[in-house]
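Cover the chain as a whole and the setting of one ligand.

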2 protein chains.
Amino acid sequence: HNHVQSRGLASLKQPASLFAPLDTFHERHIGPDDAEASKMLAQLGYDSMESFISDAVPPTIRLGEHAVDMPPLSESQLHARAKELAAKNKSFKSYIGMGYHNAVVPPVILRNVMENPAWYTQYTPYQPEIAQGRLESLINFQTMVMSLTSMDIANASLLDEATAAAEGMVMSFVSAPKKKTFIVDAGVTTQTIAVLQTRAKGFGIKVVVGNAEALVEDQSLKQDVCGVLVQYPDVNGAIKDFGDLADKTHSLGALVVCATDLLALTKIKPPGEWGADVVVGNSARFGVPAGYGGPHAAFFAVTDKLKRKMPGRLVGRSRDAEGNLAYRLSLQTREQHIRRERATSNICTSQALLANMAAMYAVYHGSDGLRRISSKVHKFTQVFESAVKAMGYKSVNEHFFDTLTLDVSAVSSAKSVHALASAVSINLRPIDDHHVGITFDESVSPDELVKLLKVFASAASASAPTITELPEPDAPSIPTHLRRTSNYLSHPVFNKHHSETEMLRYINHLASKDLSLVHSMIPLGSCTMKLNSTSSMIPLSWPEFSTVHPFAPYDQVQGYHQIISELEEDLCKITGFAAASLQPNSGASGEYAGLCVIRAYHESRGQGHRDICLIPLSAHGTNPASAAMAGLKVVSVKVHPDGNLDLEDLKDKAEKHKNNLAAFMITYPSTFGVFEAGVQDACKIIHENGGQVYLDGANLNAQIGLTNPATCGGDVCHLNLHKTFAIPHGGGGPGVGPICVAEHLAPFLPSHPAMPVRGEKSIDAVSAAPFGSASINVISWAYIKMLGGKGLIDSTKIALLNANYMAKRLQGHYSLKYKNENGRVAHELLIDLAEFDKMAGLKVADFAKRLQDYGFHPPTCSWPIQTCMLIEPTESETLEELDRFCDAMIAIREEADDIISGKQPKDNNLLKNAPHPVSTLVASEWNRPYTREQAVYPLPWLREKKFWPSVSRIDDAYGDLNLICDCPSVEELAQVD
Amino acid sequence: HNHVQSRGLASLKQPASLFAPLDTFHERHIGPDDAEASKMLAQLGYDSMESFISDAVPPTIRLGEHAVDMPPLSESQLHARAKELAAKNKSFKSYIGMGYHNAVVPPVILRNVMENPAWYTQYTPYQPEIAQGRLESLINFQTMVMSLTSMDIANASLLDEATAAAEGMVMSFVSAPKKKTFIVDAGVTTQTIAVLQTRAKGFGIKVVVGNAEALVEDQSLKQDVCGVLVQYPDVNGAIKDFGDLADKTHSLGALVVCATDLLALTKIKPPGEWGADVVVGNSARFGVPAGYGGPHAAFFAVTDKLKRKMPGRLVGRSRDAEGNLAYRLSLQTREQHIRRERATSNICTSQALLANMAAMYAVYHGSDGLRRISSKVHKFTQVFESAVKAMGYKSVNEHFFDTLTLDVSAVSSAKSVHALASAVSINLRPIDDHHVGITFDESVSPDELVKLLKVFASAASASAPTITELPEPDAPSIPTHLRRTSNYLSHPVFNKHHSETEMLRYINHLASKDLSLVHSMIPLGSCTMKLNSTSSMIPLSWPEFSTVHPFAPYDQVQGYHQIISELEEDLCKITGFAAASLQPNSGASGEYAGLCVIRAYHESRGQGHRDICLIPLSAHGTNPASAAMAGLKVVSVKVHPDGNLDLEDLKDKAEKHKNNLAAFMITYPSTFGVFEAGVQDACKIIHENGGQVYLDGANLNAQIGLTNPATCGGDVCHLNLHKTFAIPHGGGGPGVGPICVAEHLAPFLPSHPAMPVRGEKSIDAVSAAPFGSASINVISWAYIKMLGGKGLIDSTKIALLNANYMAKRLQGHYSLKYKNENGRVAHELLIDLAEFDKMAGLKVADFAKRLQDYGFHPPTCSWPIQTCMLIEPTESETLEELDRFCDAMIAIREEADDIISGKQPKDNNLLKNAPHPVSTLVASEWNRPYTREQAVYPLPWLREKKFWPSVSRIDDAYGDLNLICDCPSVEELAQVD
Ligand SMILES: Cc1ncc(COP(=O)(O)O)c(C=O)c1O
Ligand SMILES: Cc1ncc(COP(=O)(O)O)c(C=O)c1O
Ligand SMILES: O=C([O-])O
């Protein structure tokens, strides 16, 4: 018998007490039931779970039984608790602006994208043949951004506007060697400036904030300027002509980065038409709920000449083996898993799901629909402006799109305007004692406009006009020469799905091309594709969570703060650390934040010179990239042939750099999928040499309740809530990468301009919103609450058991690259396919593509080792599913044997020709040395349960050579027909 | 130009006023935009919509422009209004029982079935090759019912428990010729007795209510007894042994009908083990929200010898052309479209979606999970019982499962118990001054139990025990010999999908086999498969609507009543009638209710003898079946070869039967798809001969705003809200079939025991719940509110235009069976395929199956004419989609030509072999006189947008001959492997 109590026939048993709830999450989350777990243990030669765990996890780091004691909530208890906390968020209407709006989410998109597991459980589209749906949607996103900004190329999203602006700054910096000054116009939002300040530090960039037009003419700066950032329209609402500024900036050899607003661009001259080199912004107002700050997709667009330097993922067109158009991720060689510390960006997980929502919004509204919306928003602002002017208020900005800055001093005070607004549940933007800001959006109804006017009238002791007294403005309040004249979104995809039925079918059609967790296991090593439970997702649709502005006053968001603090507390308990920050909105962002915290700590102790970061060669590419961004110099540490860290080498290097040693980054269990027994020794070496230990928590799924980063010897770690804590991957984001730190680092955790108290020693913001992608924290909070301590530990145990069972089943067929001295792997396993290349020219990709024919998403390929696959089953998969996957792998091994033995030719076989979409079956000719049946139904269960790739193998080189990153135009489609 | 303002590039234009909302539903609901409408009008030779409409709709019945003036609400306005009304429903916890419980809906089922358009927009699975998913789920439902009741066979759902009991009564009646007495035990619920009373009337059955055990021994009745109905456990909670009663009843040659509860059956001896012949009940507590009464699925199970008489749809196993297991609807020859007035049941639309939810609940919990749930429910009841006994209350029933009847008189009064309960938002069952009823269910938490005990303690001035003072009972309060000993739900399907991941995949896997509106148009004549908007569906998930008990006091359901009365009012405006009843929960149920109202009207005027009902031969089978059920004699009226009613024949028959003429039933526009100019004349004839006119409103989609049933001359009509008013079909239900009546019939509308006021002249209940499937009325209410008057009229116009455009495109390729004198059809068109049979042996089914290969759901086949297809596009389909469908039809016509001309053999061709699932492509051998490509990609767009049938053509005859209606067992599956 074993200690895991889980679901299944044998284990849906009576709970101990009559009064215990029955809708416990534990049994629904964990795949294998008691009987299955026992069977797996027996196959591995164990008679108890405990003896297995003792072999897998080094005893030196094991925790006591009650390390994560927390009572579980059942699914309905969780629901009730979430409702209770939701009710503590006050429902205010926010006109705060600053880049955040009240989005109107078209219900068809809400239900069929945001609330649809077929969309939200997808993985990043690295396997394009089974991901054409989301790739098409992401290229729609890129096209939308390119078209609205008038730029040559755009990526598939970044984390938020502030970090996108920071990427623009760094791009400017690396494009203008030796120039270190980056000018930031005073019209840029506070949160962006804060994030730039943080980011500038690591690169040694000098951020100068002020009037950009004046600053570019400043003789003392001129020669050192690498770039200029402007906000267009600016934070106060003004629309300035930056054409001149662009010319001047270019003449200095510097780049112009423009932060802008997609909706405004339907009305104003796009930055691409007045000389911007980089255009960034936030697409959230295109139908993505505010969610107290996120998640939402930022965009990033550049001119053609900068395209190969662009950070983030980029979807491009290519062709498949049959010559058909197919989409894929382009230019992956730019990314950190290739460039490592030479990468200038560490962005990995981005905001795919939210980019898809925004793109779908544009598809649904089309150019005319967007024009209607922007006209309404603009006219409401105009109507409001003239009405408050009539009351005696002054509008500071003559021109505007949706945002006004009012000088209230003639008739009232800012304090009294805010107080009156607050009394009727309205938030305005606080500026200073005499000014109040207000931003309009699509959501504002005529009644709300009248209510607003009443607030201002009352503050000015004036009378408010009624709706009928508000005349429609006759011309836009936009300078004539800055009005948009060019077309946008003329591509067919934006002009045919305007009825709900057509939209529904388009969403469904794209989803039908994509393999997600609704189909079969996605055993992606290092990515932990586990159950994303419905119970944890449901609250995200509640307005109490979805409609909150990130800068809403704290007293309005008590529910959110309760969740945030409970989650921080639980994460601290789980990691063994003292404090946490939920601000980083991806794992890589967490790495960066953690390293900045370490640097700040050293600085506070007069050790600011410490700038060496030791990183094992096995580390994820984001680690060295983050270190470089934090201004650290990366020194690589060797790894033994058995997969373990080379402690000798570590010691040598730590001692060599002892005076400058800042940090050591380590992933645990290692990226090779083993618990190294020497982890505590390694950390000790670092500490003895004055360094701090950063633990990359991507593999925390193997640790929870059995060990923790603090026990392993770390000082700080990030967690990927979108891995270990069940936030869905969304096809490549959103993510949350909180950091947890030991006591001595707590004072340095990131601050934010919108946080009421700022720690004296805090580093500045790393994300645009104070709590990052706040709304999805609810998912991880719910996950932990529902599993409780026992459920968390059982999940870890089964994650380990599942991986070891697979290792056992695959052994003899594939060579397991690494295991510990007891023959055990951790929660994932690395198999090496190098021999097949040697014997028959078969690459990792050939196995991966062939797995698609078996209805599975391939494991992580060629990472962390080029010739390997990294397989991670997670605890949510049942024994039956593990067996199906192993059967597939074993069958492929047999197919490979036929190629090795020469039964099948090396260039025309089941693996090289994989995947086989239906279209390959249709041709009358069949010139292949295997049957159609062998191609598509190699195992009997595939007849019932088959997922069809929608295209043949995609040509990667062709796509990168012929880089085209927008969707087909009318003309191109006409040619095809 | 035309008068239709709709969505699309050309028409997402600025609204007239700045203050008009932009999220108007009109443009999203209607498929064609202005440009498309103009194009279609031009093709038909019209330069305006008005001139087209004048040609299509007889001027004599046209209404003025403002016939349905109603302002529209935008989608967000509707949302806000629905929230406002939701807030008016008070949140009480109900322990009322009487067949209705608080269901716990597993979130994975809620989100992926109930909230998933891939499930809720499906049509009835008459095309089994593209419906294997829901057929499998429905057979799971049947299996679940058979297993829990221990009966030989069960159907795929009925409308509610009361009507299911009525079907059982009628089955008893027809099984025992000449016997007219049906005994109903006093333990049966009030609402069931009311529905039986209504139903008995038409058949001339004598319902005797009392102690069934005594009544079967009553000498005065004995010889006349056809059946006995018992409730098990009964309405008061008692569990009686009916074994003896069953024996006695059988010895009288009569049947035993047992109404029961699926959850109780996990604990008590199933009726199939003590001799019941028919077992009925409500499956709602298996995860279907109460929704103020519905919808939910009733079940109906019988012994083997009764199987061919069973009402409703029955899913059975069969085999496809390749010999594989495939599911289909069995024994359709039992149904009314075949048997017409000889049918004993008129059930057509049933409760497929809700049956699927209940089946999924059983799949998710399995036998052990259900056992856990029933044990908890039972033990809570026991714990409660002993605690209140200790306070001095008496429990009337010694044995019980979940329901107690308490005699409160020793310590309190019923009035004071109810008052105290109400004060803490608790509803108990009112019985009389001394008794209070209480029913427990899965949803009750320990805290709620304590709260309940406090109420009873306080009413008795006793003290309430705490949770820890409540001892767990040691034996069930069920008589030993009535405890269940047999196994249940041992089939594999109920024992493997217990983790959320597996459940999600199972739900998704089944959905992937089914074509629904998320894929392509479903042009089913007479079924109006239009958009089911997300905005109208969202409120159904709100607890304010979903958790309400149907017998909750009126003051708690003000929100519901506002919606119900607004909907009734709007339907009256639309039909031109004076009053409405929303009680009937299907179209057929509406027909029956309407005819009962007519009979009651005649009776009230001393004309009770009027019993002749004239019905055209073209009528839907439910019409004559309903007439027969209402005790009317059907006399058929001829139809002219041009499709019009034979007015001469009508006149002859009306005059012939003038003394006994009760009613005339007519569908308008006719089931042949034309507006007959003579409708008013026909109605006049009827009225002149003392009859009333019943208008079958299935085709109301062609009328709204242009004409109405009152103007046409009707006295009563039913509407199919699940057709015209956008309630989704759910794969064969739910439905709502309200009736609207003229002033003189209003006093006769159905009453219900739970309605506070009963009209003096009202007929008794026709449904178990006072407002039928109350929750989904919200959908139609929202539909009407969002479209407003103009949107409704434009929808009608486009529905007519779309149909006429298709008729035009198909002409020359297919012969249009009927059109009016201007060459126009109504909202649907009938094409006759008889010639193909004559020329080449090609049947309607061959065309239908071939359409599946083109990715379309076939139109209605062989109804109302055997050799025809009835095509109804609805207003929600765009021109592009209509063209795709017409292209497919035309391409099939060309394929047929090749068969006619002998190019392709008559027995082996594209049509006869259709559909072609992927499996047919896989075989290496291809012995067909056409290519694989011709088989599956006959038109180019299919390469991108193809829906694959999951099996080959299914053998109907085989299935009916080898009737097997449960899912495969462990042993059978083992054989397959
Ligand atoms: C080991 C490791 N570290 C860091 C990351 C980066 O996390 P993110 O993608 O959330 O930025 C990953 C992501 O795959 C990872 O596997
Ligand atoms: C003309 C007509 N009358 C009546 C009905 C019966 O309606 P229901 O299926 O809702 O019982 C139908 C259903 O298809 C119909 O087409
Ligand atoms: O549903 C019909 O039977 O037409």
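The report below begins with the model and then turns to chain A and ligand 2.

## The model

This is a predicted model: local features need pLDDT of at least 70, side-chain atom pairs count only at pLDDT 80 or more, and totals for chains, interfaces and linings use all residues. Residues are numbered from 1 along each chain as its sequence is written, chains are lettered from A and ligands numbered from 1 in written order, and side-chain values use heavy atoms, without hydrogens and water.

## Chain A

Chain A has 33 helices and 26 strands. These are DSSP runs: helices are H or I with at least four residues, strands are E with at least two, numbered from the N terminus. The radius of gyration of chain A is 28 Å, close to the 30 Å that the globule rule gives for 977 residues, so chain A is as compact as a globular protein of that length. The radius is taken over C-alpha atoms, and the rule is 2.2 Å times the number of residues to the power 0.38.

The C-alpha atoms of chain A fill a box of roughly 85 × 70 × 65 Å along the principal axes.

## Around ligand 2

The shell of ligand 2 holds 14 residues, each with a heavy atom within 4 Å. Among the closest are B:Thr349 and B:Lys723.

Polar contacts are pairs of N or O atoms within 3.5 Å; within protein, one must be able to donate a hydrogen and the other to accept it, and residues adjacent in sequence count only if both atoms are side-chain atoms. A nitrogen atom of ligand 2 is 2.5 Å from a side-chain N or O atom of B:Asp696. An oxygen atom of ligand 2 lies 2.8 Å from a polar backbone atom of B:Ala588. A polar side-chain atom of B:Asn720 is 3.1 Å from a ligand 2 oxygen atom.
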